[in-house]
Amino acid sequence: MTDGILGKAATMEIPIHGNGEARQLPEDDGLEQDLQQVMVSGPNLNETSIVSGGYGGSGDGLIPTGKSISCTGREVRVGPQRCMYLREAGVRELDPLGSGRHPSHSTTPAGPGDEVARGIAGEKFDIVKKWGINTYKCTKQLLSERFGRGSRTVDLELELQIELLRETKRKYESVLQLGRALTAHLYSLLQTQHALGDAFADLSQKSPELQEEFGYNAETQKLLCKNGETLLGAVNFFVSSINTLVTKTMEDTLMTVKQYEAARLEYDAYRTDLEELSLGPRDAGTRGRLESAQATFQAHRDKYEKLRGDVAIKLKFLEENKIKVMHKQLLLFHNAVSAYFAGNQKQLEQTLQQFNIKLRPPGAEKPSWLEEQ
């Protein structure tokens, strides 16, 4: 700061008389003493304030008495009697109200877009806040149940049906896996029989002495191959129906069961929270919290009861649909396998017609989704 003042003071204009001599002003000595005091003793909080443009300092520390001058980017406060001479010397005078400070950036009033953005941010914050509180309460309730410290709402009849559904699904998945394995083995058998029939037919042409024997063996393999393709179509239909029942119908019901279990956990968590507040002291603040907890508990209770009813209905419909589908599929599987191993080609074809099963010719590509529609 001292260097800046010295540099600026060195460039000050000195008033000159018409005869070339320096004009002595009554207060020149006082001004020189003030500048020397600033250089020697440094700034004083009662007389000097500094505004540094390099550090973004504010002008809050300025004392609203006297005037300010600017010297090489710095501001020095002097008495009002010195301002006239400093003005003559070419030193810029600062406005006492702070106009000599660094120009502050004008604040643009917030537009409608900014208000909408703040509103969206506030909504997201509220959502995250509610999610955090709900997760904390549910986690606390779950740990309490695991360690046997918390109570749990149980519908014995519904819980038994849900557990039976999960066990049934595991068993049907095992049947589905075995059915797919049977399909793979039948396909391999068909490929082998087809190759064996071609080999017998070729040998019947090249071996005149065994032409008849090779011939009827080739015809037998071709017949078995044809019946095998029919059986394979019936087994594929059986596996496809079981797959739909397991991966779509049962899975849809279990998804509703998961939602029901989550709602039950939330219901118990907020029920426990309400019970703790009810046992606490009653004052103005607690009364408001109790009313809010009561409203939240009622909302989760309604959600829990609604999902419990949805699960009961879906379990009932699932059982009816399962019996209907499996009755048809088991009858198809039995008739097709029996006709195949009995060598009854006519009965095997009738079985497929009975269940509206259409076979694709060997080597045919899978129809497009437009054709399936």
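Modeller: Before the packing, a convention: axes are lines fitted to C-alpha atoms, for helices over the stretch in contact, and angles run from 0 to 180 degrees between N-to-C directions. Note also that this is a predicted model.

Biologist: Are helix α6 and helix α7 roughly parallel or roughly antiparallel to each other?

Modeller: Helix α6 covers residues 211–279 and helix α7 covers residues 284–342; they pack at an angle of about 165 degrees, with their axes 7 Å apart. Angles over 145 degrees count as roughly antiparallel. The relation of α6 and α7 is therefore roughly antiparallel.

Biologist: In the contact of α6 with α7, how many residues are nonpolar?

Modeller: The crossing of α6 past α7 is left-handed. By class, their contact includes 14 polar and 11 charged residues. The nonpolar count is 31.

Biologist: Why is the pair of tyrosine 267 and tyrosine 304 given its class, and what is that class?

Modeller: A pair of aromatic rings is described by the distance of the centres and the angle of the planes. Here the centres of tyrosine 267 and tyrosine 304 are 5.0 Å apart and the planes are at 5 degrees. Planes under 30 degrees apart count as stacked. The pair of tyrosine 267 and tyrosine 304 is therefore stacked.

Biologist: Is tyrosine 304 buried or exposed?

Modeller: Buried means under 20% relative accessible area. Tyrosine 267, at 11%, counts as buried. With a relative accessible area of 3%, tyrosine 304 is likewise buried.

Biologist: Tyrosine 340 and phenylalanine 341 also form an aromatic pair; which of its two residues is exposed?

Modeller: This pair is edge-to-face, with 5.0 Å from centre to centre and 85 degrees between the planes. Tyrosine 340 has 12% relative accessibility and so counts as buried. Exposed means over 50%. At 66%, the exposed residue is phenylalanine 341.

Note on methods: Residues numbered from 1 in each chain as written. Predicted model: local features only at pLDDT ≥ 70, side-chain atom pairs only at ≥ 80, totals over all residues. Heavy atoms only, no water. Helix = DSSP H or I, 4+ residues; strand = E, 2+ residues; numbered from the N terminus. Parallel < 35°, antiparallel > 145°, perpendicular 65-115°, else oblique. Left-handed = near helix turned anticlockwise from the far one by under 90°. Nonpolar A, V, L, I, M, F, W, Y, C, P; charged D, E, K, R; others polar. Phe/Tyr/Trp six-rings, centres within 6.5 Å; stacked < 30°, edge-to-face > 60°. Buried < 20%, exposed > 50% of the residue type's maximum accessible area, 1.4 Å probe, protein only.
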